[in-house]
Amino acid sequence: MTDKFEPTIIGFTCNWCSYRAADLAGTARIKYPPNVRLVRLMCSGRLDPTFVFKALSSGADGVIITGCHPGECHYLEQNYKALRRFQLMKRTLVGLGLEPGRVKLIWASAAEGAKFASEINTFVEEIRALGPLHWGIPSDALPVSSVALEEVPA
Amino acid sequence: MTQHGETNPKSEERIGVYVCHCGTNIAGVVDVQGVAEWAASQLEHRGVVIGRDYKFMCSSLGQELIEKDIKELGLTRVVVAACSPHLHEATFRTACKNAGLNPYLCELVSIREQVSWVHTDKAMATAKSKAMISGGVERVIRHAPLEPLRVPIHPDTMVVGGGIAGIQSALEIADAGYHVYLVEREPSIGGHMAQFDKTFPTLDCSACILTPKMVQVGTHPNITMLTWSEVEKVDGFVGNFTVTVRKKARKIIEELCTGCGICQEKCPKKVIDDVYEAGLGYRKAVYTPFPQAVPKYPVMDVPNCTYFEKGTCKACEKFCPTNAIDFKQQDEILTLQVGAIVLATGYDLFDARRVTNYGYGRLPNVFTSLEFERLSNAAGPTNGNIVLRDGKTTPKSVGIVHCVGSRDRNFNNYCSVICCMQGLKFAHLVHERTGAIVYNFYIDMRTAYKAYDEFYQRVLEEGTLFVRGKVAEITDVARRPDEDGHLIVQVEDTLASKQRRIPVDMVILSTGLQPRYDAKETAKRFGLSCSADGWFIEKHPKLDPISTMTEGIYIAGCVQGPKDIPSSVAQGAAAAARVLGKIQQREISIEPVRASVNQDQCSGCRICNNLCPYNAISFVEDRAVSQVNAALCQGCGTCVAACPAGAISGTAFSNAQILAQIEGLMMLNLEEPVTA
Amino acid sequence: MSDKPKFAMYWAASCGGCEIAVLNINEKILDFDANFEVVFWPVAMDAKYKDVEAMEDGSILLTLFNGGIRTDENEHIAKLLRRKSKLLVAFGSCANEGCVPGLANFSSIKDMVDTAYSTVSTDNPGNIRPLTSYDMPEGTIHIPTLNPTLKTLDQVVDVDYYMPGCPPESHQIAAVIDLVIQVLQGKAELPPKGSVIGAGPSTVCDECQRSRNVKTITSFKRIMMTEIDPDLCLLEQGIPCNGPATRSGCNARCPTAGAQCIGCYGPAEGVVDYGARLISAFASVIDATDPNEIDRILDGIPDPAGQFYRFNLAGSLLRSSKSAWEKEKA
Amino acid sequence: MQNMEQERASAPPKQIEDLSLLGEVSHRTAGVSRLEMCIQCGTCGGSCPSEADMDHTPRMLFAMLRAGMRHAALMSNTPWICVSCYHCVVRCPQNVHIADVMYTLKGMAIEAKLYQDSTAPDFSQTFVDMVEEYGRSFEFGLATRHYLKHFPLRLPNMAPMGLGMLSKHRMNITPTRIKGIGQLKAILKRAKEVEATS
Amino acid sequence: MSDSYILYPGCSMESSARAYYDSLKAIAGIIDLRLQEIDDWNCCGATEYLGIKLTPAYALISRNLALAAQQANGTRTVVAPCSACYLNLAKADYYMQEQPVLGQHVNEALAAGGLSYKPGSLDIRHLLDVLVYDIGLDTIKSKVVRPLTGLRVAPYLGCMVPRPDYEHRWSDYEYPVELDLLLNALGAEVIEFPLKTECCGGHMTQISPDTAFELIRRLISAADSHQADIMTTVCPMCQMNLDAYQSETNKKFNTSFRMPIVFFTQLMGLAFGLDAKDLGFGQELVSARNALAKIGIEHPAEAPAGTAKPKKDGSLPMPAPLPPRNMHVVGKDKVAK
């Protein structure tokens, strides 16, 4: 293993654009660092800030959110809603003392496998430069009920 | 390794984890066996009862493995770590279903596209695979059994674009007994093929093979042709689209018009025909674009009509024998219900004026491919005489330039596919009709497909001079006496390693194809996406080049990417087959990814009310709560994420599922990777 | 010694408002007295920790615990009362989610103590600081030490029920006491463990009488600087009202009185992070697609973290600001 | 066996395929050269206004780089004949930084002392020497020194032109030196050190 | 937009291209073009240093960028009247962004002189660009008191202004229209000069004169065959090659061209009514006397061939010209040109 800090990053992808861009990066064998773990959502509009807080509080060093380009949303315009939410969420996180560079929103269409890979590359380096985060709480102190509280809808 | 499994209560589920080798695709980078063993031992407390790796999970033997475990081990959840869910989610869901497990209790983890194909460090790739499986396990625990939604399919179809691909598609569907609306924005169907003279490699006359098909469309009882019409809006979803079409006013009463042509004969206004004649010929202000046009009714070019411009003239009205002219006719808006849509909106020719060093638009005797098609067409402006821009001189030497606007980062990156064969066809036609010396300037000769290379051989035999080199510039500034009065094609003959300046009388640019100028808007209107180049994206580049990401909308012809006539026809027919397949199912199952509102928890704050682009959310005034119409909901989840009361939940992508997945994903971090 | 069921109430890091709220149930206090024996309630009666320690485990039927866990003393008593009580209720916003004392989680202990003892608000020319232990001739005496951050009750011990509010509304307290009495009399059953009691399942809007429409706003405004339509939803008027995300149960007191909800009842049923809900809600009503325009509108919420986590910081997923825990780790 | 080895050892260097050459040229070029993207289409050679005087077209030179023909490539006069007109650069369908590759090849040729004709390297060096000395170029000194050395026979032809330039005060007879010449020298010294170690 | 610019004159402006500098200073006041020269600038290395050593070459150029940025004081635009200087400055700025390691190396070197430069912090622009897009053709037109009516001018840009055009500042790489538009604004009769961006030979006059003379011949001969009275350039090197080596070229090819070569700023000065000698006229080796004499002659030349009506014959229509690109959108995508 290398000596350099290997950040753990959670990435959120939209099912239609960026997840497929990730697929395309794979099909084209475009390499990027293994620090990002992706969560598939149907749309960047599904991104609940809770997910980002959850990722950060679970030990992620950075969060990257990806969606269709403005004007190209599979659901017509939901990525704009994601954009608004992202901007307010980022301000809130900065208010909580987080470095603004730890959360990032990028657009990638289904055709942009190479762009997706290079964005991941860039982000991993940016987070590497920021160093580890490991937000405050040791994992054994996670609220007991945080997950169990949510009922699985039938 | 941070194990905080203790924070989660021990799962009651019985979970099977299956790790695919995908030959060496995954196994070459990820220690698949180690991952499977790890899952079985380290995730046991999360309910994993079995972890297996197998060469090809998607094979029937692989699937049987899962089915057997479900039955014998009583699995209640399945996690398959293999390729992208977009490829094999359906496969493994079916396997679960076959074994009696609800198909939605299966979760796919993409360790091929997201791990083995994009990472090289084996230890880190293995660690990431484990983390992703851990995420998948946590997520699948919170899956709920779901049933697909079933909706009826409207049996009518809309084909947009009346070129050869659209025509083929419409005819196939109509012949099978279903009704088709064929929408075309020009006055006639036929598309680019109607402009061509000959078609490669057989040199059939384009009109001779196209016209019968056009007539068939025009007379088919199952086809409603909507020419001079454009789609304005598409609502709904697979099986139930509502399409708004603007039928532009032709200013001609179709019921009365006999297509006799007297109106255009009498019309005093001559206009350069930029569309059908590629700017090389003229038409009138009231016109049918070409004699074989279908439908036969002319249209009035309102901006150019003398009456609309000056308030007098009406020559057409005066002479029309059936009183079919109606200057007051207005656009009509049609709202049509269809179950499926085929998009065959074609291509635009690359604008050769952008390559300023080729001088098109500045040097008169530089022609584009489409101009040359009209020039060599017997029905064209010169009656098929290949002459210079002066309209009379036959060229003694002609240069044909390949790759104009294609394979060039300054313009379009891609190969336009047809230009090599097009250039060869031009060489043959020039040779045959004028006897001129013909040069073909090419980078690579791409004559793949049946009988194409044979055609290349034929053109070689005819004595065409081939120069391998991308033309650097075309100029009329002579340096030597022999260049005087000619166009000079300056090029490196890369096989002779020498710059050459070749004087010719005429240059034909084998111009490439590019997406329609409004392709992006069209894509948006139909809810599709375009590649970076602007071509519409197919569902899968190899296995499903017909479908799109939007279910029920198919693509055919050049809208998907440059292609020749046989491929366009094939794709048109294939799209028709898809449509017919859908229609015959009568109803369709849709992924049950839907939002719903918990009425007890909804406070009626109405924040979600402006979020749904499909208007699936409505406010129930008397109970002061919002609700989601499941039939309209497309499952994006924006309202779920927005509800401040947490009253809206989404199936298949619930908060519980996603939060659990994140927690699972974070179980391992790369700083302390587990060496496999 | 009576054989009435035993009752305890404790205040950890809190203001005492919760106690007042309990007394505010008026004549219900008589029913309460008739049914319970108060064994430990520092605000209301004299009692020693050692008396509690001497009690049998589980011998207190009901403990209302208010206040957050700020000191080692708070934590010790929380654990003690947990042991001694059958039903431990996190009572009031502080115990539930940190409340105003939890705002200290924006700062490190050092910053907090500096602010308390060495700013203009404190007349402390000698810059004297409290010591946590001091050697006297009689021996060493201790005062409680501050924990690095404030925690909610359930971050320290297992909690049976949650009763939100700052303070909980008296009518809700009365109703809960009624319920417990009925359970004692065998006339009712306890709700499932972990339930939120004394509040509704929905949010403040559910009880708010202001009229509501589809919302799109182009700016956020401060309530004191704006002419307010008395009948229209405040958020629709650009006032950042936390009502849409705040649990119902207060009868929408603040919006009814013409002030925006600031969120003391905490998140609605099942919500994991209160602030996240408000971020989503406020962002959803913004009418702009251009990033710069969105930024301009968001400038109207100058302190989003404070706006969204006034009551909930300690109870949120992130629990404290980064600087607070970084210093804590160091 | 031994024979073969001897043969290999005595073979002129140009016959060894030096597959690191392309990468080296690309690496030493300013910006992102994209040299490896060349598709040998000949747009450069076709566009070149001075191709007639070149040993190889740029395209061919790139093919030689690819083939590892170090000696032959560095000996080629092509980079020296390049007039930096950038026609090839803007037309190149692969956006190869052709003109900058030519600068790199000149530098490498000087370094390896591989060129057929010292006129151009000398001119560059003389120019650079003057710039390093004064911080400004000095056309008169440059022209006289250069022409004296390389085109003594042409001098009589050029004399009227030179006189014209002088008489019209278009040439200064004395050089101008910048104030910060010390600073400039320090910068260039450090730059050379950086260059040597990178 | 700042109202003043930082000027990088370049070495030639003080010697061989004094006419350029003189005329620039003369017109600047009239069009309110405020220029502030970089203090103690150094030579950009022309096309020579780049061919010797990479880092020193870029460090040499970047010293000027560093000085300019220090001095910028509110503006960020550096104006260079010389094409080679313009290209070198722009190239260094662009490549140090494209390849950050180059920027690091250069900054290491600059540090030895107590300087630093952050790539991308300046806009490097050519004088013509600033005149056409910032000052504007309308302003220029409004200052014309003596239109150059009847003077047939060959607009000649040379290579390094429109190419490689890293920031997409020009209307085209091959046939940019900016100089034509400016000359039109001065009232001149601008010939459709097909070689307007062909090469003048550059430093080949020093290295391989025969190569250069051929290129000079092509240009002069093309201008001559278009009956140009005068050729105008935007670059000291072009002016020098075409003017000073014209007689050499004539000798070599046995021709007798007498094509005067002047800077476009000289023509602007004439149109603004300034005195020819204040504009550096007379410094050219091929005299512009005859051409100047032509201005002020009463009757204009016959209607230019380009505006003649198309003949009534069977000729086929030509495609419409591509509409000119929107004026000056910095960083615009290449495809949009």
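Biologist: How far apart should the end C-alpha atoms of helix 7 of chain B be, at 1.5 Å a residue?

Modeller: This is a predicted model, in which local features need pLDDT of at least 70 and side-chain atom pairs count only at pLDDT 80 or more, while totals for chains, interfaces and linings use all residues. Residues are numbered from 1 along each chain as its sequence is written, and chains are lettered from A, with ligands numbered from 1, in the order in which they are written. Helices (H or I, at least four residues) and strands (E, at least two) are DSSP runs, numbered from the N terminus. The expected span of a helix is 1.5 Å times one less than its number of residues. Helix 7 of chain B (residues 206-219) has 14 residues and should therefore span 20 Å, which agrees with the 21 Å between its end C-alpha atoms.

Biologist: Which residues of helix 7 of chain B are buried?

Modeller: A residue is buried if 20 or more other C-beta atoms lie within 10 Å of its own, exposed if 12 or fewer, and partly exposed in between, with C-beta atoms placed from the backbone. In helix 7 of chain B the buried residues are B:Ser206, B:Ala207, B:Leu210, B:Met214 and B:Val217. Seen down the axis of helix 7 of chain B, they fall within an arc of 90°, so they line one face of the helix; the arc is that of the directions from the helix axis to the C-beta atoms. The face turned away from this buried side carries the exposed residues B:Cys208, B:Pro212, B:Val215 and B:Thr219.

Biologist: Against which elements do the buried residues of helix 7 of chain B pack?

Modeller: Two residues are in contact if their C-beta atoms, placed from the backbone, lie within 7 Å. The buried residues of helix 7 pack against helix 6 (164-175), strand 7 (180-183), strand 8 (198-199), strand 9 (204-205) and strand 10 (223-226) of chain B. In the loop between strand 8 and strand 9 of chain B lies B:Pro201, which a cis peptide bond, with omega of about -5°, joins to B:Phe200.

Biologist: Which residues touch the most other members of the largest nonpolar core?

Modeller: In soluble globular proteins, nonpolar side chains tend to be buried together. A nonpolar core is a set of buried Ala, Val, Leu, Ile, Met, Phe, Trp, Tyr and Cys residues joined through C-beta atoms within 7 Å. The largest core here has 348 residues, of which B:Val80, B:Leu182, B:Val507 and C:Phe65 touch the most other members. Helix 5 (residues 122-141) of chain B gives the largest share of this core, 9 residues. Leaving aside neighbours within four places in sequence, the contacts of C:Phe65 include C:Tyr10, C:Leu88 and C:Leu153.

Biologist: How many residues of chain A are in contact with chain B?

Modeller: On the chain A side there are 57 residues, in contact with 58 residues of chain B. Helix 1 (18-27), strand 2 (36-41), helix 2 (49-57) and helix 3 (78-95) of chain A each supply at least two residues of the touching side, and helix 1 gives the most, with 6 residues.

Biologist: Is B:Cys22 buried or exposed?

Modeller: B:Cys22 counts as buried, because it has 22 C-beta neighbours inside 10 Å. B:Cys22 lies in the loop between strand 1 (15-20) and helix 1 (32-42) of chain B, and its phi is near 45°, a positive value in a residue other than glycine.
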